[in-house]
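Visitor: I have a structure to go through with you. Could you take my questions one at a time?
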Amino acid sequence: MALNKSMHPRNRYKDKPPDFVYLASKYPEFQKHVQTTLTGRVTLNFKDPEAVRALTCTLLKEDFGLTIEIPLERLIPTVPLRLNYIHWVEDLIGGQGNPRRGIDIGTGASCIYPLLGATMNGWFFLATEVDDICFNYAKKNVEQNHLAELIKVVKVPQKTLLMDALKDESIVYDFCMCNPPFFANQLEAKGVNSRNSRRPPPSSINTGGVTEIMAEGGELEFVKRIIHDSLQLKKRLRWYSCMLGKKCSLAPLKDELRKQGSPPCKKRKLEKARKPITFTVLKPTVAELQTQAPSIGCTDTSPTESVSAWLEKILTDLKVLHKRVPCGEAELSLFLTAVENTWIHTRQKRREQGRHLRELPRAQPTSTCSTDASAPSVPDTDTPTPAPEEPTAEGSNAKERNEQQDPEKSADVPMESPTEPKQVAAGSPQNPETVQHFLFKCLVNVKQEENDVVVEMHWVEGQNKDLMNQLCTCLKNSLFRQVAKAT
């Protein structure tokens, strides 16, 4: 387990390696493999496959709440290294917490990449596997962690990579990831002619099966096949990635990319993850929203659930497409797709609506009690006195136009409120993730921090981030206005 400066900055094990003493005291199965030296140092025998398996299972349980089973005759993954790959993919596709779809080529018995990606970020995975034993264990690990809705494990033919896995799929995937078989034969797997003589031998045992660690041509030919598949799949998959085991494979693969017309950049700076737009709902406001939550059908009046329910109501009124998506513990997430700007200048639209109603032509009151035109008319006590016209140039001009037009013709003209938003979709509601024409998409996270509730809006994609800022302000003001009305 190499816990060094090369680890990703967000890797939880970078500056805090696993505490074997604590883990041994909490997990009896792990405690059996822990050894204490004469100097009092607690160690683990990484040459023992049972010890390595116990450590992997214990870390996944302690740090991610995952329960898995791995056979000793199949590859036992190290958690810090796999977590590194997940963080690298997060950087490629735009940060953490965004709902994405990925493919894990050769998921292995542990199914560790999909389990980590789904648990940490709510990602959807297609996990492929060619080995029967690995396939059965992977399915079992997904099911016993209740992640079958996010992870689909499929059995594919030998030597297949992406083409066969996607032939029956119409979904566009955001990325693929893969630990390829690193070796071409048994000699190479044992380090003969493939490892620099100056390097020390591996510190841990390799338990991988034949299909997991060996392939015709080794990792070089394996990754070349992924490159060739990418030329046919093109935009069916946005990011193609693979973790290499040998540095000597890098130069030939760069040459292959150039040959296929996709030269790699010499150095590419990853785009910095956008900071979310946030606002805080303070404890008194949260308490009032909890009190009012049953009025909108919210039965769970916990702080995050109550705030989320009110946000959903406001979004529904604004005709913003939204749905709940999987997220981490102690928080709720909504995926939003704004198709039309229905939140800008709402106060101005309300004033225009009031002016429009005042400008509608009114029927003349009939009088049967007065025949003298010069006599003052007596108002009917049952008929309300119309409100005086607003003394504006626009109002008086509109009034003159209404008086001049034919009342019979004007009665046939349907009047439309200027503030009524247009219908976004006809028939069944659209899926916010798959709608084709939109202004922007974003992810809203609602989580509790001490006694307050924090709302974060994470940009996903779209035309203009300012529109998301405006919607954020509208949501915040609507929540506070709801509380103000009650008081």
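Visitor: What share of the 487 residues is buried?
Guide: Of the 487 residues in the protein chain, 39% are buried; buried means under 20% relative accessible area, exposed over 50%, and partly exposed in between, with a 1.4 Å probe and protein chains only. This is a predicted model, in which local features need pLDDT of at least 70 and side-chain atom pairs count only at pLDDT 80 or more, while totals for chains, interfaces and linings use all residues. Residues are numbered from 1 along each chain as its sequence is written, and side-chain values use heavy atoms, with hydrogens and water left out.

Visitor: How many helices and strands are there?
Guide: The protein chain has 17 helices and 12 strands. These are DSSP runs numbered from the N terminus, with at least four residues (H or I) for helices and at least two (E) for strands.

Visitor: Is strand β4 enclosed or open?
Guide: All 6 of the 6 residues of β4 (residues 124–129) are buried, so the strand is largely enclosed by the rest of the structure.

Visitor: Which residues point each way from β4?
Guide: Phe124, Leu126 and Thr128 point one way, and Phe125, Ala127 and Glu129 the other. In a regular strand, side chains alternate between the two faces of the sheet.

Visitor: What joins β4 to β3, and in which sense?
Guide: Strand β3 (residues 101–105) runs parallel to β4, joined by 4 bridges; two strands pair if DSSP finds at least two bridges between them. Arginine 101 has phenylalanine 124 as its bridge partner in β4. Between β3 and β4 the chain passes through helix α5 (residues 112–121), a right-handed β-α-β crossover; right-handed means that, with the strands pointing away from the viewer, the path from the first strand over the helix to the second runs clockwise.

Visitor: And how many bridges link β4 with β5?
Guide: There are 5 bridges between β4 and β5 (residues 151–155), in the parallel sense. Phenylalanine 125 stands opposite isoleucine 151 of β5. Helix α6 (residues 132–144) carries the chain from β4 to β5, and this β-α-β crossover is right-handed.

Visitor: Changing topic: which residues of α12 are buried?
Guide: In α12 (residues 283–292), the buried residues are Thr285, Val286, Leu289 and Gln292. They fall within an arc of 125° seen down the axis, so they line one face of the helix; the arc is that of the directions from the helix axis to the C-beta atoms.

Visitor: What does the face turned away carry?
Guide: That face of α12 carries the exposed residues Pro284 and Thr291.

Visitor: What do the buried residues of α12 pack against?
Guide: They pack against β8 (277–281), α13 (303–317), β12 (452–462) and α17 (465–486), where contact means heavy atoms within 4.5 Å.
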